[in-house]
Amino acid sequence: MRNLLPLLLVGTLTSLKIFALTLLFSIPLGAVVARGRMSKNRLVSSLVNIYIMIMRGTPLILQLLFVYFGPYYLFGASYDRFTAVIIGFVINYAAYFAEIYRGGVQSIPVGQWEASLVLGFSKAHTFTHVIVPQVVKRIIPAMGNEVITLVKDTALAQTIGVAELFRVAQSASARQFSTTPIVIAGLFYFIMNGAVSRFFDHMEKRLDYYH
Amino acid sequence: MSIITVENVTKNFDELGVLKGISFTLNEGEVLSIIGPSGSGKSTLLRCLTQLERIDGGRIEVCSMTMASDEGGTVQYADARTLKEIRLKLGLVFQNFNLFPHMSVLRNITEAQINVLGRSKAEAVDIARQIMAKMGLEEKENAYPCHLSGGQQQRVSIARALALNPTVLCFDEPTSALDPELTVEILKVIKDLAKEKMTMIVVTHEMAFARDISDRVIFMDEGLIVEEGPPDRLFNAPTMERTKRFLNRYNQ
């Protein structure tokens with residue numbers, strides 16, 4: 001029991017690393033995917049659509065296995081487990097984020113583009129100064145949902161052998177014939193998501209000055 | 001001097017002719033009202049002038065610059081630089097304001113001055129404050145659009161357009177989203193601009209107002225100009241049957 005807490009904290013650190021790196025890459029990648037999804041080029045938009053359908057239509061656990069073991073079958077070698085986890089999570093979450101971004105951009109009234117055009121703003125200026133700020137406000141609740149899910153999804157990293165919080169807790173449970181480590185892990189997830197929720201509540205309040 | 005020349009302009013939406021050959025000119029200092037039933041093409045005409053829609057035929061000239069012309073057979077638009085220059089000659093006030101909700105009133109009015117005209121921030125703020133004072137918006141510069149009444153929002157949008165010193169100010173049913181009291185408030189603002197000899201095109205359903213401020217009135221129906229003339233003549237003695245019917249309904 002004395003050794004349990006440090007073990008769980010190390011596991012938590014791995015979970016947090018997966019969480020942070022996934023967000024770091026998938027948030028911008030989602031924008032690229034959304035841009036492709038909204039492309040006027042039919043080929044681009046349908047290819048991107050297929051990618052999104054696969055990412056959202058198959059289990060993340062399967063995608064992780066695919067990302068890690070796929071290269072073995074194809075090239076006889078793969079990246080290390082942790083890298084595979086990050087790649088798997090990033091391409092999965094980018095697809096979800098892309099759809100949230102697209103929904104946000106398309107929910108902005110066309111009048112905002114028209115007013116900007118008539119005032120002489122360039123498309124880039126309109127996008128960065130008129131559209132994006134309003135999109136950010138609109139997508140915060142949906143992003144909050146997704147990020148909370150991510151905290152819990154990090155537990156899936158164990159399927160390709162990365163010892164994150166839940167894996168560590170499970171092993172400890174098995175060794176000690178006790179459910180205590182798993183309950184504590186649950187508490188850890190709960191606390192992490194409390195922080196995530198607070199962050200998004202705070203963002204919502206900060207942007208509450210207009211509607 | 002003619003500022004806008006429109007010759008035989010056509011516009012189709014999926015085979016449906018919305019403008020079927022519109023020609024008119026607008027002279028400096030003139031106030032032109034465009035009236036007509038819903039779906040007659042009035043707003044589309046204004047949107048073609050302000051480049052929110054592309055025309056399918058005809059010719060549009062603004063301040064001696066050709067914006068689009070079908071002389072070669074198909075409609076050719078001018079190069080991007082000319083189009084931008086033309087765009088800035090025309091201001092547009094929308095029916096539903098289209099203010100930027102995330103910007104304060106002041107920033108709504110200064111944003112384009114700074115980023116499009118390249119004015120310094122101090123100068124832009126100065127100009128914005130002068131216009132706001134004229135429009136009775138002095139107290140509101142730090143407010144956000146959602147905290148303003150419809151009438152105030154529309155005044156901000158007029159101020160936003162005026163801040164770029166357009167040669168012509170276009171209004172697309174500027175009072176259609178407002179209740180009768182606020183309508184009066186906006187019509188007064190437009191009237192004041194008319195007094196200052198601002199060149200304006202006003203698409204409106206307010207007949208009394210059109211009669212009051214216009215130098216000339218165009219009555220449109222089904223994509224065509226049915227009748228055109230000074231307001232006294234057009235409202236008191238319309239010559240076309242279609243105009244009579246339309247105006248009769250309003251007078252009832």
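This is a predicted model: local features need pLDDT of at least 70, side-chain atom pairs count only at pLDDT 80 or more; totals for chains, interfaces and linings use all residues.
Is B:Glu185 buried, exposed or partly exposed, and what is its relative accessible area? B:Glu185 is partly exposed, at 24%, where buried means under 20% relative accessible area, exposed over 50%, and partly exposed in between (1.4 Å probe, protein chains only). Keep that residue in mind while we walk through the model.

Residues are numbered from 1 along each chain as its sequence is written, chains are lettered from A and ligands numbered from 1 in the order in which they are written, and side-chain values use heavy atoms, leaving out hydrogens and water.

Let's start with the sheet in chain B. Its 5 strands form an open, antiparallel sheet in the order E2-E1-E4-E5-E6; helices (H or I, at least four residues) and strands (E, at least two) are DSSP runs, numbered from the N terminus, and two strands pair if DSSP finds at least two bridges between them. At the edges sit E2 (16-27) and E6 (76-77) of chain B, each pairing on one side only. Strand E1 (residues 2-13) of chain B joins E2(B) over 9 bridges, and B:Val9 stands opposite B:Ile22 in E2(B).

Now turn to the charged pairs. Side chains of opposite charge can pair when their charged atoms come close. The structure holds 20 salt bridges over all chains, each being a side-chain nitrogen of Lys or Arg within 4 Å of a carboxyl oxygen of Asp or Glu.

Our opening residue, B:Glu185, meets B:Arg155 in one of them (2.7 Å, N to O). This pair links distant parts of the chain, with B:Glu185 in helix H6 (residues 180-195) and B:Arg155 in helix H5 (residues 150-162) of chain B, 30 residues apart. B:Arg155 is buried, with a relative accessible area of 11%.

B:Glu111 and B:Arg107 form another salt bridge, with their closest N and O atoms 2.9 Å apart. These two are separated by about one helical turn because they lie 4 residues apart in helix H3 (residues 105-115) of chain B. B:Glu111 is buried at 5% relative accessible area, while B:Arg107 is partly exposed at 34%.

Finally, look at chain A, where A:Arg37, A:Arg56, A:Glu99 and A:Arg102 are linked in a network of salt bridges.
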